[in-house]
Amino acid sequence: MKIGILTSGGDTPGMNAVIRGIAIRARSLGHEVVGIKYGWKGLMEGLFIEVPYDYDSLIDMGGTILFSSRTNPFKRENGVDQIKNTFKENGFDAVIAIGGDDTLGVANKLTREGLPMVGVPKTIDNDLDATDYTFGFNTAYSIAADGLDKLKTTAKSHNRVLVVEMMGRHAGWITLYAGLAGGAHVILIPEFPLSMETVLSIVKKRFEKEETSWALIAVSEGYEFENLDVTGVETDEFGHVRLDKLKIGEQIAEQLSKAGFSSRAIVMGYLQRGGPPSPYDRVLSTRLGIAAADLVHERKFGMMPALKGTQIVPVPLSEAVGQLKLVDEHHWEFAKKVMGLD
Ligand code: F6P
């Protein structure tokens with residue numbers, strides 16, 4: 001079989017390890033593997049790149065050797081026809097799309113158009129349904145937690161309140177896990193907003209004693225602050241607003257300054273997506289890549305491998321898209337207790 005691989009959406013540590021897993025397994029089954037450049041854009045326009053046989057560099061390499069974009073073929077004139085042409089002209093028997101909700105949504109629609117697609121769930125946000133964890137999440141929250149560890153000493157030295165903004169478009173998983181791991185005193189996520197009064201009361205309580213006169217606040221970039229105005233803010237082809245433009249961390253730091261605290265905002269930003277994947281993510285990515293190649297080999301299209309408990313199992317793409325996996329009450333309870341709110 002001739003198998004195309006593409007990566008689409010925000011780059012995620014572990015993408016190259018998935019590509020490696022696919023290539024090793026597919027080639028050992030006797031199949032040909034072709035890299036498609038720039039996600040759906042490359043599949044529309046027939047842009048290809050070789051997938052190396054030197055696998056050693058891929059396991060710990062961040063980013064994606066196939067490049068990525070946020071192109072939506074269903075928003076482009078003749079986008080789907082162009083993809084069908086690329087399949088025909090290049091003799092593809094299957095395409096494996098490594099991506100998040102938007103990418104897998106496109107793969108699901110293309111399956112319905114009769115194209116042989118397999119997905120691999122990817123996002124640092126960990127908000128994909130039908131899989132317990134997505135690769136990249138572990139790396140991203142570890143980097144953000146490391147950021148909190150480092151900020152602790154400077155916050156303490158200056159009796160400051162540091163507000164640390166973390167990625168996560170709709171879901172607060174990164175902020176929750178990094179906040180818990182890095183010992184944040186306030187955790188602000190979109191799913192369970194707290195009032196500014198509550199935030200101030202936690203901070204004030206800490207400042208009652210000299211030795212705790214400092215605080216770390218972890219906030220998701222998608223946290224909706226009172227009176228948030230998104231008019232005129234740039235959106236991508238999937239209709240997502242550029243959250244970094246909203247500067248939620250700065251808005252909260254400003255409220256704290258107004259209340260009399262010395263406060264600063266820090267944006268963790270793209271550091272969370274950069275660099276090598278954690279060993280956990282390398283293992284998960286490798287397992288997913290191998291399982292995706294096996295799905296293609298078995299001609300189980302319209303499916304993706306997913307992590308359920310400790311097992312990698314096949315699930316239909318249709319189950320993974322459409323609804324997001326948000327932080328639930330169970331997880332939030334722990335955060336509330338750490339913050340002393342219950
Ligand atoms: O979806 C992953 C993600 O990293 C989000 O956490 C973030 O909001 C978004 O991508 C940033 O998108 P871009 O790379 O297009 O700026």
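**A walk through the predicted model**

Gln 251 is found in helix H8 (residues 248–258); helices (H or I, at least four residues) and strands (E, at least two) are DSSP runs, numbered from the N terminus. This is a predicted model, in which local features need pLDDT of at least 70 and side-chain atom pairs count only at pLDDT 80 or more, while totals for chains, interfaces and linings use all residues. Residues are numbered from 1 along each chain as its sequence is written, and side-chain values use heavy atoms, with hydrogens and water left out.

Gln 251 has a relative accessible area of 23% and is therefore partly exposed. On this scale, buried means under 20% relative accessible area, exposed over 50%, and partly exposed in between (1.4 Å probe, protein chains only). Gln 323 lies 72 residues from Gln 251 along the chain, and their C-alpha atoms are separated by 29 Å.

Helix H8 has a packing partner in helix H7 (residues 196–206). Two packed helices are described by the angle between their axes and the distance between the axes. For H7 and H8 the angle is about 60° and the axes are 11 Å apart. This angle makes H7 oblique to H8. Axes are lines fitted to C-alpha atoms, for helices over the stretch in contact, and angles run from 0 to 180 degrees between N-to-C directions. Angles under 35 degrees count as roughly parallel, over 145 as roughly antiparallel, 65 to 115 as roughly perpendicular and the rest as oblique. H7 passes H8 in a right-handed crossing; a crossing is right-handed if the near helix is turned clockwise from the far one by less than a right angle, and left-handed if anticlockwise. On the H7 side the contact (heavy atoms within 4.5 Å) is made by Met 196, Leu 200 and Val 203, and on the H8 side by Ile 252, Gln 255 and Leu 256.

Next comes a sheet. Its 4 strands stand in the order E7-E8-E6-E9, with parallel pairing, and the sheet is open. Two strands pair if DSSP finds at least two bridges between them. Strand E7 (186–188) and strand E9 (263–267) are the edge strands, each pairing on one side only. On average, neighbouring strands of this sheet are turned by 20° against each other, direction ignored. E7 pairs with strand E8 (residues 215–220) in the parallel sense over 3 bridges, and Leu 188 stands opposite Val 219 in E8.

Two helices pack on this sheet. Helix H5 (residues 137–157) touches strand E6 (161–166), E8 and E9, and its direction makes about 165° with that of E6. Helix H6 (residues 173–181) touches E6, E7 and E8, and its direction makes about 170° with that of E7. The axes of H5 and H6 come within 8 Å and cross at roughly 45°, which makes H5 oblique to H6. Their crossing is right-handed. Residues of H5 in this contact include Phe 137, Tyr 141 and Leu 148, and those of H6 include Trp 173, Ile 174 and Tyr 177.

How many of the residues of E6 are buried? The count is 6 of the 6, so E6 is largely enclosed by the rest of the structure. Both of its faces are covered: Val 161, Val 163 and Glu 165 are buried on one side, and Leu 162, Val 164 and Met 166 on the other. E6 pairs with E8 in the parallel sense over 6 bridges, and the bridge partner of Val 163 in E8 is Ile 217. E6 and E9 also run parallel, joined by 5 bridges; here Glu 165 stands opposite Val 267 in E9.

Strand E2 (residues 32–36) is mostly covered, with 4 of its 5 residues buried. Strand E1 (residues 2–7) runs parallel to E2 and is joined to it by 4 bridges; Gly 35 in E2 is the bridge partner of Ile 5. E1, helix H1 (residues 15–28) and E2 make a right-handed β-α-β unit. Right-handed here means that, with the strands pointing away from the viewer, the path from the first strand over the helix to the second runs clockwise. E2 also pairs with strand E3 (residues 48–49), in the antiparallel sense over 2 bridges, and Gly 35 stands opposite Ile 49 in E3.

Two loop residues remain. Asn 78, in the loop between E3 and helix H3 (79–90), has a positive phi of about 60° although it is not a glycine. Asn 78 is exposed, with a relative accessible area of 51%. Ala 130 is found in the loop between strand E5 (117–121) and H5, and its phi is near 75°, a positive value in a residue other than glycine. Ala 130 is buried, with a relative accessible area of 12%.
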